[in-house]
Amino acid sequence: MRRSRRAGALLAVLVALGGCASGSDERDRPADAEAPGIAQARELGRFAMDRGRFADAARMFEQGLSEARARDDIQAIADLGYARALAELRAGDAGAAARQAGRLRRELTRRDQPVPARLDLVLAEARYRLDSPQGSRAAARRVLAASGDPLLTGRAHYLLGMISADAGNQAGLAEAHRAMAGAQAPALRADRDVLAGRLAQARGEPAAALERFTDAAERRRRLGDELGMARALAFAGTAARDAGRRAQAADLFYRAGRTAALRDRHARARAWLKAAIEVAEAADARQLATDARDVLDGIPKGE
């Protein structure tokens with residue numbers, strides 16, 4: 001896989017500690033030195049993350065985390081626990097990410113250790129994907145209260161804007177969009193384009209929304225964020241349909257669904273491909289409807 005598919009744009013901040021294990025005898029190691037098994041698991045997990053093998057990374061981090069728990073090494077527990085939650089999120093398992101992040105947050109709180117804002121950001125993202133807006137909002141607000149890192153706060157504003165958009169809260173959406181006005185990182189600029197598109201939709205301007213969603217999809221494509229790109233394409237499909245551009249809408253839904261299918265996001269793929277078929281048939285784009293149906297039929301049943 002391309003190296004650009006790394007822990008990703010906005011959440012890619014961080015599994016950064018530790019080098020490879022040394023070959024020294026255990027008896028020569030200081031009492032507080034990190035165990036070789038922990039260092040090795042961290043390095044293997046980072047290697048897998050760097051290559052987009054997020055499920056493999058989660059397994060590696062879990063191995064190191066088990067060793068850290070056995071040693072009751074709170075620093076390693078915090079580092080590897082966060083890394084595992086991030087890997088689960090990038091692998092598409094929001095439930096596992098939320099459970100891991102929540103478990104780690106509770107342990108850090110019990111032991112009077114600081115809870116890093118990056119952990120709350122993973123929790124906010126996971127809960128948003130699990131359709132838990134209240135939990136996501138609370139975690140995102142903790143990020144804003146605790147961090148001055150523009151990558152973290154920018155993503156938190158994005159999540160708050162998406163939650164507002166989903167709830168029909170145009171004022172909250174506009175506030176989040178304004179808060180991201182100075183965003184410079186490419187990933188955050190893509191996020192801001194999505195919020196701009198949703199704001200245009202809320203104002204009844206589907207053509208403007210289509211342009212912004214298309215911009216967001218292209219930015220995310222360049223970043224190697226394929227699933228983020230697919231979501232932006234699906235938003236663009238909705239905007240094109242609202243603008244009366246049915247053939248274009250069908251093509252956008254088809255491309256979103258195809259990417260989701262190829263990346264094993266089967267529930268989303270089905271929804272987007274069915275939308276592509278419906279809109280394509282209404283536009284008398286029969287070949288496109290057939291192409292979308294072929295991809296849909298190739299998704300394993302029961303997944």
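Mentor: Gladly, and let us start with the surface: the accessible surface of the protein comes to about 14,400 Å², and 47% of that area belongs to carbon and sulfur atoms. Keep in mind that this is a predicted model. Of its 303 residues, 49% count as buried.

Trainee: Which residues touch the most other members of the largest nonpolar core?
Mentor: That core has 89 residues, and Met49, Phe61, Tyr158, Leu195 and Leu273 touch the most other members. Helix α3 (residues 74-90) gives the most to this core, with eleven residues. As a general background, nonpolar side chains tend to be buried together in soluble globular proteins.

Trainee: What is Leu195 in contact with, beyond its neighbours within four places in sequence?
Mentor: Its partners are His157, Tyr158, Gly161, Met162, Leu173, Ala176, His177 and Met180. Leu195 is also one of the buried residues of α9.

Trainee: What makes α9 mostly covered?
Mentor: Twelve of the 17 residues of α9 are buried, among them Asp191, Asp193 and Arg198. The cover over the buried residues of α9 includes α5 (117-129), α7 (150-166), α8 (170-179), α10 and α11. Helix α9 (residues 186-202) reaches 24 Å from its first C-alpha to its last, close to the 24 Å expected at 1.5 Å a residue. Just after α9, Gly204 takes a positive phi of about 75°.

Trainee: How many aromatic pairs does a search of the whole structure find?
Mentor: The search finds one aromatic pair. Phe213 and Phe235 form it, at 5.1 Å centre to centre with 20° between the planes.

Trainee: Why is that pair called stacked?
Mentor: Planes under 30 degrees apart count as stacked, and the angle between Phe213 and Phe235 is 20°. Their centres, 5.1 Å apart, also meet the requirement of lying within 6.5 Å. The pair links distant parts of the chain: Phe213 is in helix α10 (residues 206-223) and Phe235 in helix α11 (residues 226-242), 22 residues apart.

Trainee: Are Phe213 and Phe235 buried, exposed or partly exposed?
Mentor: Buried means under 20% relative accessible area. Phe213 has 0%, so Phe213 counts as buried. Phe235 has 22%, so Phe235 is partly exposed.

Trainee: How do you know that the charged end of Arg51 sits over the ring of Phe47?
Mentor: The distance has to be within 6 Å of the ring centre, and the charge within 35 degrees of the ring normal. Arg51 is 3.7 Å from the centre of the Phe47 ring, and its charged end sits over that ring. In a second case, Arg118 lies over the face of Tyr82, at 4.2 Å from the ring centre.

Trainee: And why is Ala267 called exposed?
Mentor: Exposed means over 50%, and Ala267 has a relative accessible area of 61%, so the label applies. Ala267 is found in helix α13 (residues 266-282).

Methods. Residues are numbered from 1 along each chain as its sequence is written. This is a predicted model: local features need pLDDT of at least 70, side-chain atom pairs count only at pLDDT 80 or more; totals for chains, interfaces and linings use all residues. Side-chain values use heavy atoms; hydrogens and water are left out. Rings of Phe, Tyr and Trp (its six-membered ring) pair if their centres lie within 6.5 Å; planes under 30 degrees apart count as stacked, over 60 as edge-to-face and the rest as tilted. Helices (H or I, at least four residues) and strands (E, at least two) are DSSP runs, numbered from the N terminus. Buried means under 20% relative accessible area, exposed over 50%, partly exposed in between (1.4 Å probe, protein chains only). Accessible areas come from the Shrake-Rupley method with a 1.4 Å probe; for residues, only the protein chains shown count as cover. A nonpolar core is a set of buried Ala, Val, Leu, Ile, Met, Phe, Trp, Tyr and Cys residues joined through side-chain atoms within 4.5 Å. Contact means heavy atoms within 4.5 Å. The expected span of a helix is 1.5 Å times one less than its number of residues.
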